[in-house]
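Me: I have a protein model open and I'd like to learn how to read it. Can you take me through it feature by feature?

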Amino acid sequence: MNFKSLIILTFSLCLSTSLWAKKKDKENKVRTAEIGEIHSAGSPYKLLPSTKSYFEIKASNETGSEAMGRVNLANNSRESVKFSLVDDEELPFQIRTIRNSIGKSFGVLTFTGEKVAKAVYKVKVAAVFENGAKDFQTYEIHRVDEYLADKFMDFAQHEFTKIVKSGTVARRLSMKVKDSVAREYFSKLNKEGFFTDLKFMINRSGWDALCEGGGRLNSLVLAYYDPQSSLFKNQELKTRFYQGILVNSKFNHQFKARWSDTHTWRNSDHLAGIALRVIADLRQEMKSSEKKDADKAMKVYDALLDVCDNLWAERMHERPAIGNANRNHRMRSLFIRAAITYDYNRALTDQDVWFDKADPRIPGFYPDGIFSDLKELLETGYVFMDKYNKRNGIFPDGTICHHPAVGIQFTADAYGWEWLVEHSVPLANFLKNTRYKTNDKVYDIIADKLLDTYRSVIFNGYIDMSVGGIIQSREKWAERMPQAVVSLIEARSDDTKIKRLDELKAFSKILKGSPFYDPLSLNQPFWNIDYLVHRRPTYFASAKMISTRSRGLERGIDRKSYYYLGDGALFIRNAGSEYNSLTKVFNWHAIPGTTAEQRGVEIPLAADSPFKGANGTNSYAGVSSNGQYGFSAFKYERNHADSKVCYATVNANKAYFFFENEILALGNNVRRVYEGQGKDIWTTLNQVEWETDIYVSGIDNALKLNSRDIEKTFKANQPFWLHQKNVGYIVIPAKTTNVLLKTQKKQGKASGVFTLAINHGKNPQGDDYKYIILPNCSRDQLQTFVTELQNGDHIAVVENSFSRFAVHHKKLKLSQIAFFEPGELTVNGMEISVDRPALVMLQDLGETYRITVTDPLHSIENTSIQLSLNKKLSGEGAAYDDSTGLTKISFTHSSVEALAGKPQTQVFHID
């Protein structure tokens, strides 16, 4: 490059940097306006108070041993200071001042006696600052048999090993490679600490290079300590990777202030893994009599601490984003930072970043010591949400949401579970019965989510696809749940009180079965994500909808296959494993319960966090549940203004009704609204493993398992039934309906696939459908049910129209109605009217009526729904009018946004 070209390039870079700085300054001002100014730190001329300091001395310590814990300055001060002891004539301690490579001063207490005789020593420390300021504090040094810091190092090593074996993103902590690859990395790492083929610029490509370099350094450190490697104890390698750590830290620190990826652990995990392996050598080298070696070791040590300080690394210029599930990922590096800090009184960050008392992420958080900081991060880790305001957190229905920019979702697996228990429970267990023990509230939060949320969505060791994805092995959840419950119980301090401890213990006994069998029977609404779970001891079912507030899962196989997972997905499990082996053969345009065009193109990143077409475009979506029975209904629309994100081509009204051993699905106004590819539109009843013979009404012989691939259309003009693997399907046509049966033989490790769907054709303009699934029945029971249905002795569909769905279950004396608009109708002789769109469920219990009402629009302005019935009822909110013969009841829901869609149930006496 000639001189002129260099000048032009330099000018371009300067201009680009200037424009970037102006843009970031504008963003920062907006951010400051949203969440307030950073609270300024206190005086830099103060010692860390004794109330926040802790020191230990081993009973076995000899003369010259250092006490555990150092005297620190308050507020992360880097002022120059001199420490001394006051009135120390009889104390067996001395103090010396050290200053590390980044300018922080510490007071090191050294034992000078022959025997640690007292249980507690008190030392008064004086600090004299360069400007003449003075401060004094009296500290206690406690005699112990083993340092808490050594225990924590063992704990961190154990956690490190455990999470690396888990095979998650935490594998970055241990990047073991073949010896030939390690030698190639070594050849590219020069003496200055740079990889010759990587360019570190402060931009996206530079960040990627930094992370790649961090991973390579991790691999080289592993090779250095591996006796089987040709690079084992290679001193030139050690010199270079030490220099590489310094380079990584330097650029990582620049990224903190100028540009940052949202996933800071992509680099810090690599360096954290290195830290655990080199810390023993560094400690020895920092004590070296050779000043050059000691100084170099200190610089490397401080560099590792700085990179592991990733909680404050993300967008330092904007304030760190620490109030979400990503904090769990950051905790990996922070755990290791705490372990290698080896000083109870040094804050978990060396940055002078402080937080407002009103900061919603960590209110009043002031870092001042590794264990107190970890404890506070644990106790403030669960953010509870009351609005759909694009914030991560735990919602009132139990949903744990992450990446909510385009509708909230229940990230039960990849984020929610780890956020809830991965580091919190082990840390609480470590800190139990210490001065840093966790408060009871944390245990109660975790217990509630295990018992009320995760227990509901995990069946026979498998998590529901609509919240946990399809790649779930039996071993994963059959082990995860028992371990989490037992670990939480074991993590208590002696005085910890868990409100639901007896329930946890009872649940733990259930989970000890192999495989565990949970006889849970319930109907549970998750109204924040438009999701309903229905369980009986022999089966599990769920319905997942979308609305303007919600979406399906963030991503799927290859980040694309979960597009339709919130679009009315209806999953049914008997064994639990029915969908597990279909990963490679699943038709993602035919998710059970959904209505979708069978397009032959690649599904977009529809549910990925930045995709603006992930949520629905209609606010009508509601779940109604009394805990035993329930139903859900929604207006299925994905009609986004930006046509580029409109992959779905169909609109419809859809509903799902759950009874004892029957599930009814209704749909109407099925219509094509976008051109798409002009392919057929299906409503899929199920797409599941093909494991048994298939029996079809009107066909004498069974369609044999794996005999051949089948694709057959049945033209049904009367109830049509089909039976496969203890599940019965009944299509009830209003007109001639095309029922498609498609099977695919088992191929290699992939299971055979059974698909049953209603084919609406290429261009439906108002089609409707009606089908029933019996989730646990024999073929004889299915035929008996069909006979009862035809005789009118079971379920009656009163209305399936654009205005409402209405169903009555005769045996249960249960009516379920979804009003899309104000109106009235008669169900089983009961005249029912509402003044607003509503989901209404009524059950005649003999002497009482149990009524449940839900606002499917989740309105926070109009919080009352007026229900009118031609029956005399008495109870709270009920008013009977003799002149009209009507009872009017006002159901009022919360004006809190996240509670507005919660079902309201009341019981009324029949007069």
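Below, we go from the overall make-up to single residues.

Reply: Two ground rules to begin with. This is a predicted model, where local features need pLDDT of at least 70 and side-chain atom pairs count only at pLDDT 80 or more, while totals for chains, interfaces and linings use all residues. Residues are numbered from 1 along each chain as its sequence is written, and side-chain values use heavy atoms, with hydrogens and water left out.

Me: How many helices and strands does the protein have?

Reply: Helices (H or I, at least four residues) and strands (E, at least two) are DSSP runs, numbered from the N terminus. Here you get 16 helices and 39 strands.

Me: And what share of the residues counts as buried?

Reply: Buried means under 20% relative accessible area, exposed over 50%, and partly exposed in between (1.4 Å probe, protein chains only). Of the 911 residues, 58% count as buried.

Me: Which residues touch the most other members of the largest nonpolar core?

Reply: A nonpolar core is a set of buried Ala, Val, Leu, Ile, Met, Phe, Trp, Tyr and Cys residues joined through side-chain atoms within 4.5 Å. The largest one holds 147 residues, and Phe241, Leu304, Phe371, Leu450 and Tyr454 touch the most other members. Take Leu304: leaving aside residues up to four places away in sequence, its contacts (heavy atoms within 4.5 Å) include Ile245, Leu271 and Ile340. Another core, of 61 residues, lies apart from the largest one and has Ala543, Ile603, Ala665 and Ile694 among its members.

Me: Where does Tyr656 sit, and what does Tyr656 touch?

Reply: Tyr656 is in strand S18 (residues 650-658). Tyr656 is buried, with a relative accessible area of 0%. Not counting residues up to four places away in sequence, Tyr656 touches Ala543, Leu570, Phe631 and Ala665, among them. Also look at Lys544: 112 residues separate Lys544 and Tyr656 along the chain, yet their C-alpha atoms are 9.8 Å apart.

Me: Why is helix H10 described as largely enclosed?

Reply: Count its buried residues. In H10 (residues 412-422), 10 of the 11 residues are buried, so the helix is largely enclosed by the rest of the structure. Those buried residues include Trp417, Trp419 and Leu420.

Me: At what angle do H10 and helix H11 pack?

Reply: Axes are lines fitted to C-alpha atoms, for helices over the stretch in contact, and angles run from 0 to 180 degrees between N-to-C directions. H10 and H11 (residues 424-431) pack at about 5°, with axes 5 Å apart. Angles under 35 degrees count as roughly parallel, over 145 as roughly antiparallel, 65 to 115 as roughly perpendicular and the rest as oblique. H10 and H11 are therefore roughly parallel. Trp419, Leu420, Val421 and Glu422 of H10 make the contact with Ser424, Val425 and Pro426 of H11.

Me: In which sense do strands S28 and S29 pair?

Reply: Two strands pair if DSSP finds at least two bridges between them. S28 (residues 795-800) and S29 (residues 804-809) pair in the antiparallel sense over 5 bridges.

Me: What is phi for Lys233 and Asn669?

Reply: Most residues other than glycine have a negative phi. Lys233 has a positive phi near 55°, and Asn669 has a positive phi of about 55°. Lys233 lies in the loop between helix H4 (204-224) and helix H5 (235-258) and is partly exposed, at 37% relative accessible area. Asn669 is in strand S19 (residues 663-672) and is buried, at 18%.
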